[in-house]
Amino acid sequence: MAAIQSPVVTLSYPHLWKPTPKAEGSTELVFSAVGLLNDQQMKSPAWKALLAACEKESLRAFPKLILGKTVKSPFRSTEEKENFPEEYKIFFNCWSKERPGVVDTGRNHITDSNEVWAGQWVRFSLNPFSWEHSGKKGVSLGLNHVQIIKSEGLKRLDGRKPVEESFDDEFDDANDDDEV
């Protein structure tokens with residue numbers, strides 16, 4: 001199946017430079033990220049196209065089964081997790097064994113991992129794929145690449161403040177009289 005672009009989503013849990021275990025206790029390492037969608041993002045044509053691509057993959061692999069019922073969907077309610085802000089309704093995981101490319105809106109490569117953080121607006125290049133494991137069937141999302149759409153003015157989801165907001169103008173200089 002051809003790659004499809006996600007709608008603009010909020011980035012969470014970006015592991016784009018160093019692979020991490022695919023699942024708890026797994027030895028398989030993957031590059032991964034989570035996309036968070038709010039009500040507005042779920043109205044976009046790109047969201048509808050991504051849903052349709054996943055349904056198409058499900059029907060191709062499991063013609064008599066229904067995505068979201070007998071076939072596990074890649075899209076889950078944020079209510080399943082405690083740590084997502086309440087304005088988001090849906091989340092999805094995407095992953096790859098190969099390191100994804102990361103670019104800005106001008107398609108310039110981003111090579112500094114510090115320029116990518118949870119809370120930015122991004123688009124993913126994804127490949128829906130089907131799987132069967134331990135009697136379960138599902139559709140997941142393969143991660144090809146990431147495009148950072150917006151960073152300025154957005155709140156980090158990891159709680160870390162920008163350096164400019166981390167210090168005030170008042171400080172106690174213990175070395176005023178040059179004593180060490």
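1. Starting with Glu 28: its relative accessible area is 28%, so Glu 28 counts as partly exposed (buried is under 20%, exposed over 50%, partly exposed in between, with a 1.4 Å probe and protein chains only). Bear in mind that this is a predicted model, where local features need pLDDT of at least 70, side-chain atom pairs count only at pLDDT 80 or more, and totals for chains, interfaces and linings use all residues. Residues are numbered from 1 along each chain as its sequence is written, and side-chain values use heavy atoms, with hydrogens and water left out.

2. Glu 28 has a salt bridge to Lys 97, at 3.3 Å from N to O (the term needs a side-chain nitrogen of Lys or Arg within 4 Å of a carboxyl oxygen of Asp or Glu). Lys 97 sits in the loop between strands S5 (88-96) and S6 (101-103), and Glu 28 in the loop between S2 (9-21) and S3 (29-38), so the pair ties together parts 69 residues apart in sequence. Strands here are DSSP runs of E, at least two residues long, numbered from the N terminus. Lys 97 is exposed, at 55% relative accessibility.

3. Glu 28 also meets Lys 22 in a salt bridge, at 3.9 Å from N to O. Lys 22 is partly exposed, at 39%.

4. Elsewhere, Arg 76 bridges to Glu 80, with the closest N and O atoms 2.9 Å apart. Both ends are partly exposed: Arg 76 at 22% and Glu 80 at 49%. As for shared partners, salt bridges join Lys 22, Glu 28 and Lys 97 into one network. The whole structure has five salt bridges.

5. On to the rings: there are six aromatic pairs (Phe, Tyr or Trp rings, the six-membered one for Trp, with centres within 6.5 Å; planes under 30 degrees apart are stacked, over 60 edge-to-face, the rest tilted). Phe 75 and Phe 92 have ring centres 5.9 Å apart and planes at 85°, so this pair is edge-to-face. Phe 75 is in strand S4 (residues 75-77) and Phe 92 in strand S5, 17 residues apart. Phe 75 is buried at 12%, as is Phe 92 at 0%.

6. Phe 92 also pairs edge-to-face with Phe 124, at 5.9 Å centre to centre and 75° between planes. Phe 124 is buried, at 1%. Trp 47, Phe 75, Phe 92 and Phe 124 make up one aromatic cluster.

Note on methods:
Helix = DSSP H or I, 4+ residues; strand = E, 2+ residues; numbered from the N terminus.
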